[in-house]
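These are my notebook entries on a structure that I looked up piece by piece. Each entry records one topic.

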Amino acid sequence: MQEKPTTVAAYAAGASLAAVALFYVFGPNYTIDGDESNDSNRKKSIVGLSNIANDCFINSVLQAMAGLGDLRVYLIRELHRRELDGPEMYHAVPSEDELPRGQRPDKLRDLQQGIITRALKEMLDRLNERPIYKKTISARGFIEALEFAYRTRISRNQQDAQEFLQIVLERLCDEYHAGVRARQRALGPIRAPAGPGAVEADSEAESPGVEVRIDDGSANGLPAIIDNKLREIDNEAGFPLEGKLESQIECQFCQYQYKPNQTSFVNLTLQVPQKSSTTLNSCFDGLLKTEYIDDFRCDRCRLQHAVDQKTSEKARTSSQSERERLETEIEQIREALENDPERELDGIELPPSELAPKRRIARHMRITSFPKIIAVHLSRSIFDRSSSTKNAAKVSFPERLPLGGILNQTWFKLLAIVCHKGSHHSGHYESFRRNHLYAPFSTPEAFSSYAASRVASQDVSQAPSPRLMPRSSPDPDTGANSGLSTATSSTSLSGLSPATARPTTSSSRRSFQSTFSRSSTPQQTADSDSNSPSTDQGRFSISSGTRSSRAIPRSSAEPPMGVSSRLRRRRKPNDRWWRISDEKIKECKTSDVLGMQKEVYLLFYEIEKPESSPADARA
């Protein structure tokens with residue numbers, strides 16, 4: 001009976017859909033996702049942002065932040081931790097007496113709930129989709145969340161990408177620290193049970209582990225270790241864009257060094273010098289170089305001046321009580337000179353500060369804590385008395401940026417930049433973003449990893465060890481056995497030293513194994529299996545030879561035999577970038593990015609991580 005055309009068409013359509021589904025399950029990276037392993041010439045793109053209200057300064061910053069992998073990992077981890085803790089922990093606020101100065105309960109509750117953290121995570125997830133067609137979305141949802149958090153409207157008249165980045169990063173950092181303090185309050189002070197001999201311990205101590213001893217009738221008590229795991233996790237994985245700067249003042253006259261003043265930052269502002277061209281390292285030197293300041297009144301020099309003044313007054317006075325008072329004050333001032341010249345002296349009248357000598361000081365500044373992602377702002381504003389203009393100097397910046405001293409140098413890799421075209425009062429922002437995905441969001445070379453693990457699992461034979469029998473002379477009547485024996489003997493002799501009759505290196509043994517595996521074709525194996533028992537005897541002797549060579553120890557970094565040449569091939573560095581101007585997106589190269597020297601405004605560098613790929617480690 002002939003089937004109906006509709007039934008045949010339905011069967012064909014179902015089979016086609018099943019084939020497409022199976023192909024997407026087993027090999028999605030090669031077709032729809034447009035991964036880097038796809039060698040097709042199909043047009044690939046990413047999600048763009050619409051510009052309906054002069055939002056190019058917002059779109060460029062969001063696109064640059066979408067390419068920061070450590071920032072996305074932080075957002076995922078922070079929101080997952082808040083979901084595990086529950087909303088009650090972050091809804092509770094301390095009493096008014098415990099609130100920080102100038103902090104309101106409603107504002108602190110908003111910080112603890114992480115409004116901008118959640119909104120930015122959703123925004124970056126939408127920007128990191130892998131669309132199969134041109135797609136443009138709006139950043140309106142994130143802007144509304146930002147306006148709700150600050151209780152104000154974002155002005156479109158003052159279009160500054162750096163200011164927008166600053167308020168977003170500061171809000172994210174404040175929400176992170178508010179969440180940490182909320183978890184510490186919910187954890188509460190941990191105390192030992194009341195009783196004679198019990199020792200109390202607070203979980204908020206500085207040490208990572210607090211030893212608590214409970215009275216159990218013994219002399220020293222029962223030890224109990226309370227681990228502050230939350231504090232360790234927060235210290236190890238903090239906000240990825242928060243670093244610490246340290247400044248210190250040194251008097252050039254008395255060589256007194258003030259206590260270092262440490263401040264945190266979420267982005268660094270570097271002043272571009274007024275010249276035709278400069279480098280990013282020169283801009284860093286302008287921030288971190290030693291600065292000399294004149295007409296500074298040093299605290300130690302002021303105390304020494306006070307000692308000299310009071311000593312002269314003591315010599316001129318004739319009153320005994322006045323002399324004793326001056327001696328007491330001089331003794332206290334000298335004690336402050338030796339211990340801490342910066343502290344205030346209560347009850348002692350010092351000479352007016354205008355009479356203190358002026359000194360020349362040196363101001364040192366350095367980065368004490370490097371963030372995982374360092375955001376650099378190149379300030380190009382030139383302010384005159386009447387107007388302000390833009391500094392159009394060329395700033396050359398590297399793809400790999402070294403920071404720190406010689407002994408503790410840290411390397412950073414360029415991930416994104418934001419450029420500005422136009423004058424100081426008008427223009428357009430666009431961003432460049434490196435075209436790659438991080439390990440948590442893609443599985444590059446999934447099938448090659450599976451093949452390597454399968455070859456490694458099949459490297460050791462699971463067959464039982466055969467009985468070793470004495471090797472007999474080859475039988476001229478069995479051609480296959482004779483050929484195998486001859487190949488074995490010739491290959492074995494080639495790896496022996498004439499004097500010692502031992503293999504010279506372990507590589508020769510491995511070459512023997514690979515030579516035998518290549519020379520033993522399936523036809524030869526079939527012929528040897530169909531021969532007489534003497535053939536089995538020869539096969540067993542060859543098998544024992546291969547097993548003995550396989551028993552040679554090798555390093556853990558050495559790849560399996562079948563994939564050694566492929567794993568040792570170094571992967572080419574990713575040279576693909578996205579040039580994003582609102583909804584217009586096109587590909588470019590690293591050289592195009594490094595050539596934006598006159599327009600570069602914001603740079604995002606990520607700290608380099610050790611190579612985890614075995615191919616890169618062995619190359």
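**Entry 1: a loop between two strands.** I looked up D582 and found this residue in the loop between strand 18 and strand 19 (584-589). Strands here are DSSP runs of E with at least two residues, helices are DSSP runs of H or I with at least four residues, and both are numbered from the N terminus. The phi angle of D582 is near 60 degrees, which is a positive value in a residue other than glycine. D582 counts as buried, with 9% relative accessibility. Buried means under 20% relative accessible area, exposed means over 50%, and partly exposed lies in between, computed with a 1.4 Å probe on protein chains only.

I noted the basis of these values: the model is predicted, local features need pLDDT of at least 70, side-chain atom pairs count only at pLDDT 80 or more, and totals for chains, interfaces and linings use all residues. Residues are numbered from 1 along each chain as its sequence is written, and side-chain values use heavy atoms, with hydrogens and water left out.

**Entry 2: a residue in strand 18.** I then turned to I580, which is placed in strand 18 (residues 576-581). I580 counts as buried at 2% relative accessibility. Which residues does I580 contact, leaving aside its neighbours within four places in sequence? I listed I46, Q63, E430, S431, R433 and I585, where contact means heavy atoms within 4.5 Å. I46 and I580 are 534 residues apart along the chain, and their C-alpha atoms are separated by 9.2 Å.

Entry 3: N54 is a residue other than glycine with a positive phi, near 60 degrees. At 41% relative accessibility, N54 counts as partly exposed.

**Entry 4: helix 2 and helix 6.** Two packed helices are described by the angle between their axes and the distance between the axes. I found that the axes of helix 2 and helix 6 (residues 115-127) come within 9 Å and cross at roughly 80 degrees. The axes are lines fitted to C-alpha atoms, for helices over the stretch in contact, and the angles run from 0 to 180 degrees between N-to-C directions. Helix 2 and helix 6 are therefore roughly perpendicular to each other. The classes are roughly parallel under 35 degrees, roughly antiparallel over 145, roughly perpendicular from 65 to 115, and oblique for the rest. On the side of helix 2, I recorded L62, Q63, M65 and A66, which meet L120, M123, L124 and L127 in helix 6.

**Entry 5: helix 11 and helix 12.** I looked up helix 11 (residues 299-316) and helix 12 (residues 320-339), which pack with their axes 10 Å apart at an angle of about 160 degrees. That angle makes helix 11 roughly antiparallel to helix 12. Residues of helix 11 at this contact include L303, A306 and V307, and those of helix 12 include L326, I330 and I333. Between helix 11 and helix 12 there is a loop that holds T317. T317 counts as buried at 16% relative accessibility. Not counting residues up to four places away in sequence, T317 touches E322, R323 and L326.

**Entry 6: aromatic pairs.** How many aromatic pairs does a search of the whole structure find? I recorded 7. Rings of Phe, Tyr and Trp (its six-membered ring) pair if their centres lie within 6.5 Å; planes under 30 degrees apart count as stacked, over 60 as edge-to-face and the rest as tilted. F57 belongs to helix 2 (residues 56-66) and F164 to helix 8 (residues 161-187), so their pair ties together parts 107 residues apart in sequence. F57 is buried, at 2% relative accessible area, and F164 is buried at 3% relative accessibility. I also noted a cluster in which ring pairs link Y74, Y176 and F239.

**Entry 7: charges over rings.** A charge sits over a ring if NZ of Lys or CZ of Arg is within 6 Å of the ring centre and within 35 degrees of the ring normal. I found the charged end of R82 over the ring of Y90, 4.9 Å from its centre. I also found R171 over the face of Y150, 5.9 Å from the ring centre.
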